[in-house]
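Please take the sequence and the structure together, and keep both in view while reading the paragraphs that follow. They begin with the surface and then follow the chain through its elements and contacts.

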Amino acid sequence: MPQKLSPAARKKKSARDLAYAKTPRRRAMKAETQKKRRDALKKGINIKGKDWDHNKKKFVSVAANRGGHGKGTKKYNTK
């Protein structure tokens, strides 16, 4: 469910999100994920509904790849 934001707030949030997505760390993580997905598809591995987990270094379900695997988001201290 999307956030209920005013048009001005939505524009500012969009700018913040884009700036964060373009940081060197996020770009490196995105490149790694894309490479892992390409390699898995070449090997014939079914990755439908799965995301690459940068901490476990394997594909996990989309739901399992949220929020630090039940240990909270502070465990990995990735900011």
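The protein exposes about 6,800 Å², and carbon and sulfur atoms supply 55% of that area. This is a predicted model, and the values given here are computed from it. Of the 79 residues in the protein, 13% are buried, where buried refers to a relative accessible area under 20%.

The secondary structure comes to 2 helices and 2 strands, and reading along the sequence gives the pattern α-α-β-β. Among the contacts between residues at least 6 apart in sequence, 7% join residues that are at least 24 apart.

The helices can be taken in order. Helix α1 covers residues 7-21 and contains both K13 and D17, which lie 4 residues apart, or about one turn of the helix. An α-helix has 3.6 residues a turn, so residues three or four places apart point the same way. K13 and D17 form a salt bridge, in which the closest N and O atoms are 2.8 Å apart. K13 counts as partly exposed because its relative accessibility is 24%, and D17, with a relative accessible area of 39%, is partly exposed as well.

Helix α2 has 19 residues and reaches 27 Å from its first C-alpha to its last, which is close to the 27 Å expected at 1.5 Å a residue. K35 and D39 both lie in this helix, which spans residues 24-42, and they too are 4 residues apart, about one turn. Their side chains meet in a salt bridge with an N to O distance of 2.9 Å. K35 is partly exposed, with a relative accessible area of 46%, while D39 counts as partly exposed at 27% relative accessibility. Just after α2, G44 takes a positive phi of about 80°.

What does H54, in the loop between the strands, touch beyond residues up to four places away in sequence? H54 has its place in the loop between β1 (50-53) and β2 (58-61), and with those sequence neighbours left out, H54 touches M29, E32 and T33. For E32 there is also a polar contact, in which the side chains of H54 and E32 are joined at 2.9 Å.

Because R66 lies in the segment after β2 and D51 in strand β1, the pair ties together parts that are 15 residues apart in sequence. R66 is partly exposed, with a relative accessible area of 48%, and D51 is partly exposed at 21%.

Note on methods: Residues are numbered from 1 along each chain as its sequence is written. This is a predicted model: local features need pLDDT of at least 70, side-chain atom pairs count only at pLDDT 80 or more; totals for chains, interfaces and linings use all residues. Side-chain values use heavy atoms; hydrogens and water are left out. A polar contact is a pair of N or O atoms within 3.5 Å; within protein, one must be able to donate a hydrogen and the other to accept it, and residues adjacent in sequence count only if both atoms are side-chain atoms. Contact means heavy atoms within 4.5 Å. A salt bridge is a side-chain nitrogen of Lys or Arg within 4 Å of a carboxyl oxygen of Asp or Glu. Buried means under 20% relative accessible area, exposed over 50%, partly exposed in between (1.4 Å probe, protein chains only). The expected span of a helix is 1.5 Å times one less than its number of residues. Accessible areas come from the Shrake-Rupley method with a 1.4 Å probe; for residues, only the protein chains shown count as cover.
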